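Colleague: I am new to this model and would like a close look at one part of it. Please take me through a helix and its surroundings, then the charged pairs.

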Amino acid sequence: MRAPLSIIIPTLNAEGGLPVVLGTLIEGLEGGLIRELVVSDGGSGDASCELAEAAGAEVVRGAAGRGGQLRRGADVARGEWLLFLHADTELSAGWASVVQAHIGGGQGAGYFRLAFDADGFAPRWVAGWANLRARLFGLPYGDQGLLISRDLYDAVGGYADMPLMEDVAMARSLRGQLRMLPVVARTSAARYRQAGWLRQGGRNLWRLLRYLAGGDVDRLGRGY
């Protein structure tokens with residue numbers, strides 16, 4: 001029996017973090033869970049594609065834009081289940097057994113509990129709000145990952161080719177079919193460190209509210 005899971009990672013100049021992320025996936029390979037790794041690149045000028053190919057990934061190239069990259073990656077994936085991960089997100093040890101159990105249950109889609117690669121009150125507060133938002137409103141972001149069957153992914157129309165909020169659009173299409181899995185997705189805090197935790201968190205919330213109110217995604221994307 002073929003392994004059930006295709007992992008899809010969008011990249012854009014991700015050579016700094018990609019090796020670490022790929023390292024966390026080894027337990028899935030050793031457990032016979034992963035069928036393939038698809039890296040969907042958006043025009044990297046660094047060694048992202050070379051690193052991915054050296055790791056045995058299928059590399060798909062196209063225009064930058066996370067929604068389009070995720071969609072192109074899914075288009076070539078052959079697994080019965082898809083796991084979408086960001087290139088700066090590491091999964092905690094034991095993730096493979098949790099994912100295998102979810103696949104065995106065969107129902108709905110899953111996402112992970114967010115954490116940042118930073119210490120202190122601000123990272124814990126921002127991650128805590130993100131996890132609460134996901135639980136209460138069914139709106140996990142892409143850095144929390146998405147585990148979904150191919151059948152369900154196709155049924156909801158897949159990721160939209162949009163410059164921003166593709167993860168929110170997907171979550172809304174999966175309303176009532178998402179649940180948090182007991183795995184930590186530890187993601188980079190680089191953007192927060194650069195802009196400041198309060199400022200970046202406020203920007204993210206403002207963009208979300210504008211999008212939910214019908215704001216133009218192309219305009220929101222230009223300001224990201």
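Modeller: The buried residues of helix α4 are covered by parts that include β1 (5–11), β2 (34–41), β4 (81–84), α7 (150–155) and α8. Cover here rests on contact, meaning heavy atoms within 4.5 Å. Helices (H or I, at least four residues) and strands (E, at least two) are DSSP runs, numbered from the N terminus. This is a predicted model, in which local features need pLDDT of at least 70 and side-chain atom pairs count only at pLDDT 80 or more, while totals for chains, interfaces and linings use all residues. Residues are numbered from 1 along each chain as its sequence is written, and side-chain values use heavy atoms, with hydrogens and water left out.

Helix α4 itself runs over residues 66–76, and G67, G68, Q69, L70, G73 and A74 are buried in it. Buried means under 20% relative accessible area, exposed over 50%, and partly exposed in between (1.4 Å probe, protein chains only).

Two of the covering elements can be followed further. In α8 (residues 166–173) sits D167. D167 is buried but has no salt bridge, and the nearest side chain of opposite charge, R66, is 6.0 Å away. For charge, Lys and Arg count as positive and Asp and Glu as negative; His and the chain ends are not counted. A salt bridge is a side-chain nitrogen of Lys or Arg within 4 Å of a carboxyl oxygen of Asp or Glu. Apart from neighbours within four places in sequence, D167 is in contact with P140, Y141, G142 and Y159.

In α7, D154 and R150 are 4 residues apart, or about one helical turn. They form a salt bridge whose closest N and O atoms are 3.3 Å apart. D154 is partly exposed, at 45% relative accessible area, whereas R150 counts as buried at 16%.

The structure holds 4 salt bridges. Among them is the one between R78 and E36, at 2.9 Å from N to O. R78 lies in the loop between α4 and β4 and E36 in strand β2, so this pair links distant parts of the chain, 42 residues apart. E36 counts as buried, with 8% relative accessibility.

For the setting as a whole, the protein has 11 helices and 8 strands. Of its 224 residues, 50% count as buried. Its C-alpha trace spans about 50 × 40 × 35 Å along the principal axes.
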